[in-house]
Amino acid sequence: MKHLLSIADLDRSEIEGLLELSERFREVTQRDIPKVPALRGKVVVSLFYEDSTRTRISFETAAKRLSCDVMAFTVSSSSVKKGESLRDTVQTIEAMGIDAVVVRHGAAGAPHRIASWIDASIVNAGDGCHEHRRSVRT
């Protein structure tokens, strides 16, 4: 599987396999140095157009524990503020030799569009009302 755009793309056995794998990785977090070399040399970009501290930190921590190099994209200090399109942004990032992008975007379908524009693997960390639920504060 190249992309993980929706939990609906996984069948029951794939979900169970991921849960079993996560149990094995729990042991890694108990080590003095909680890392494994599984993805050493791979570059993952954290591309968050929406603020979400827990989700962003969770993905970045997981990538670092798998020995990835992590690049964090910040909308507030990017050319997006000058009107750069999502497509231009991801194609510029891809030119830096990345392997995967974790995307959180307010527009439904944004990760699917990104997957059609670049060759890197895409993980959907939430898009519009898909793949995450917005909480309502009262």
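Okay, hi everyone. Before we start, this is a predicted model, where local features need pLDDT of at least 70, side-chain atom pairs count only at pLDDT 80 or more, and totals for chains, interfaces and linings use all residues. Residues are numbered from 1 along each chain as its sequence is written, and side-chain values use heavy atoms, with hydrogens and water left out.

Let's begin with the strands.

If you want a spot to look at, Val43 sits opposite Asp69 in β2. To get from β1 to β2 the chain goes through α2, and that β-α-β crossover is right-handed. Right-handed here means that, with the strands pointing away from the viewer, the path from the first strand over the helix to the second runs clockwise.

β1 also pairs with β3: the two run parallel and are joined by five bridges. Leu47 has Val103 as its bridge partner in β3. Then β3 goes on to β4, again parallel, with five bridges. Val103 turns up here too, with Asn124 as its bridge partner in β4. Between β3 and β4 the chain passes through helix α4, residues 110-117, in another right-handed β-α-β crossover.

How many of its six residues are buried? Six of the six are, so buried needs its cut-off: under 20% relative accessible area, with exposed over 50% and partly exposed in between, using a 1.4 Å probe and protein chains only. In a regular strand, side chains alternate between the two faces of the sheet. Here Ala100, Val102 and Arg104 point one way, Val101, Val103 and His105 point the other way, and all are buried.

Ser52 is in the loop between β1 and α2. It counts as buried, because its relative accessibility is 17%. Its side chain makes a polar contact with the side chain of Thr55, at 3.0 Å. A polar contact, by the way, is a pair of N or O atoms within 3.5 Å; within protein, one must be able to donate a hydrogen and the other to accept it, and residues adjacent in sequence count only if both atoms are side-chain atoms. Another polar contact, of 3.3 Å, joins the side chains of Ser52 and Arg104.

Ser6 is another serine to look up, in the segment before α1, residues 12-29. At a relative accessible area of 12%, Ser6 is buried. A polar atom of its side chain lies 3.0 Å from the backbone nitrogen of Ala8.

Then there's Ser67, in the loop between α2 and β2. Its phi is near 75°, a positive value in a residue other than glycine. Ser67 counts as buried, because its relative accessibility is 13%.

Buried or exposed, or in between: what about Ala107? At 27% relative accessibility, Ala107 counts as partly exposed. You'll find Ala107 in the loop between β3 and α4. Ala107 and Tyr49 are 58 residues apart in sequence, but 9.5 Å apart in space, C-alpha to C-alpha.

On a 1 Å grid over the protein atoms alone, a cavity is a set of points where a 1.4 Å probe fits but cannot get out; a pocket is an open set with protein on both sides within 12 Å along at least five of seven lines; and lining residues have an atom within 4 Å of a point. Points are joined across faces, edges and corners, and a volume is the space filled by probe spheres set on them.

The largest pocket comes to about 1,300 Å³. It has 35 lining residues, and Leu4, Leu18, Phe59, Leu66 and Val123 are the closest to its centre. α1 gives the largest share of that lining, eight residues.

As for cavities, the search finds one of 30 Å³ or more. Among the residues lining the largest cavity are Val44, Phe59 and Val102.

That's my tour, thanks!

Definitions and conventions
Helices (H or I, at least four residues) and strands (E, at least two) are DSSP runs, numbered from the N terminus. Two strands pair if DSSP finds at least two bridges between them.
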